[in-house]
Amino acid sequence: MPALAPLWEVFIRARNGLAHRHVGSVQAARDVYTRRGEGLSIWVVPSDAITASDPADRDALFEPTGSKIYRHPTFYTVPDEVGHM
Amino acid sequence: MYTQALNTREDQAAPEDAERLARFQARIDAEERIEPNDWMPAAYRRTLIRQISQHAHSEVVGMLPEGNWITRAPTLRRKATLLAKVQDEGGHGHYLYAAAETLGVSREELEEALLAGRAKYSSIFNYPTLTWADIGAIGWLVDGAAIMNQIPLCRCSYGPYARAMIRICKEESFHQRQGYEIMLALARGSAEQKAMAQDALNRWWWPCLMMFGPPDSASLHSDQSMRWKIKRFSNDALRQKFIDATVPQAHYLGLTIPDPALRFDAASGHWQTGPIDWEEFRQVLAGNGPCNRERLAARRKAHADGAWVREAALAHAAKRAARQAA
């Protein structure tokens, strides 16, 4: 069996000032993810360089914020007369 | 929370290719964002490293005055809020150190500069939090001033800083509201509570006006930072915006701004204040504010107490690397 081509994760900056956003993975190819003027610049990162969590573990990572509604501005009352704050 | 135009003058940069400089300025003028791998003048890089790291230090030191009241918050609701707010400030420090690192400095060297007393942070955090009302005043006034300053930074020419500021502004919107809510509760409370709110306003008002940095006539970096679109409004313009927004909020609370000269100028539509005591500002920056020594000592102690965590993280990384190599 021939050596396997490494897998890369591809990120594209769609517009000036925006962050790069993940668009998919690629082994080796031209014109993948970039056939319709998708953006300004590309980052590629070796897939195995990414440390990822398992969605099955999401509770451990995200559930604790569910009860912390006081982290949101709407939790606090500011009278209408005071205007935007 | 905030960055202040309180810097010392740069030494002149080595001459750089005029053509490159012109191309760079043209990109800025066209509202393009500069990204970490793009060419940039050395002075632009230095200015950003200084500003972003001062901003990061301000977030981190800013946890101290409020942290002082977490265990003494009057209700569980207020305690949960204060914890969340202080936690946000720690997070904001992280975002900002990371943005500074994209410019080629390490977080370790930035922290070292803070602990050694070489780096600056916002003057406001060198004032003490004496009563619970100070927590209200900080949210309402200090965070209000910080937001005024930070919103234009969301359009800063340096991409990573601008994006960090967007996230920070979004997260910070609760900080000011919770502060005003505290002030309102005190202002509508007993005579003693109202007096406590007034006392906090008396002590925080002038230092908050100083948060915007020296007057335009004495600001060292403004012109170049404006040309580079790191800064979008002058110190005085932002200060005026803050005053105009805040005076009516104080009136709604039934509190008095501690400035006998304060008056509304109908012709310009602005509130005009009496003179700001810039000597006090200079003294606080020079290290002689009420809490400068205490703040640095607390940071140094926290850094030393956390040494084992950094060592453990490095040991863990080394062990994993060794296992992978085997």
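This is a predicted model: local features need pLDDT of at least 70, side-chain atom pairs count only at pLDDT 80 or more; totals for chains, interfaces and linings use all residues.
Five of its six residues are buried, so strand 1 of chain A is largely enclosed by the rest of the structure. Strand 1 runs antiparallel to strand 2 (residues 21-26) of chain A, and five bridges join the two. Within this pairing, A:Glu9 stands opposite A:Ser25 of strand 2. Strand 1 also pairs with strand 3 of chain A, again in the antiparallel sense, over six bridges. Here A:Ile12 faces A:Ile42, a residue of strand 3 (residues 41-46).

Turning to chain B, helix 2 (residues 42-61) has 20 residues and spans 28 Å from its first C-alpha to its last, close to the 28 Å expected at 1.5 Å a residue. Of these 20 residues, 17 are buried, so helix 2 of chain B is largely enclosed by the rest of the structure. Helix 12 (residues 292-305) of chain B has 14 residues and reaches 20 Å between its end C-alpha atoms, close to the expected 20 Å. Its buried residues are B:Asn292, B:Arg295, B:Leu296 and B:Arg299. These cover an arc of only 95 degrees around the axis, which puts them on the same side of helix 12. On the other side of this helix, B:Arg293, B:Lys301 and B:Ala304 are exposed.

Over all chains, the structure holds 22 salt bridges. One of them joins B:Glu66 to B:Lys85, with the closest N and O atoms 2.7 Å apart. B:Glu66 belongs to helix 3 (residues 63-67) and B:Lys85 to helix 4 (residues 76-101) of chain B, so the pair ties together parts 19 residues apart in sequence. Both B:Glu66 and B:Lys85 are buried. A second salt bridge brings together the side chains of B:Arg77 and B:Glu181 at 2.8 Å, N to O. This pair links distant parts of the chain, with B:Arg77 in helix 4 and B:Glu181 in helix 7 (residues 159-187) of chain B, 104 residues apart. B:Arg77 is partly exposed at 34% relative accessibility, whereas B:Glu181 is buried at 9%.

Another salt bridge, between B:Glu279 and B:Arg282, has an N to O distance of 3.1 Å. Both residues lie in helix 11 (residues 278-288) of chain B, three residues apart, about one turn of the helix. Finally, B:Glu31, B:Arg33, B:Lys229 and B:Arg232 are linked in a network of salt bridges.

Definitions and conventions. Residues are numbered from 1 along each chain as its sequence is written. Chains are lettered from A and ligands numbered from 1 in the order in which they are written. Side-chain values use heavy atoms; hydrogens and water are left out. Helices (H or I, at least four residues) and strands (E, at least two) are DSSP runs, numbered from the N terminus. Buried means under 20% relative accessible area, exposed over 50%, partly exposed in between (1.4 Å probe, protein chains only). Two strands pair if DSSP finds at least two bridges between them. The expected span of a helix is 1.5 Å times one less than its number of residues. The arc is that of the directions from the helix axis to the C-beta atoms. A salt bridge is a side-chain nitrogen of Lys or Arg within 4 Å of a carboxyl oxygen of Asp or Glu.
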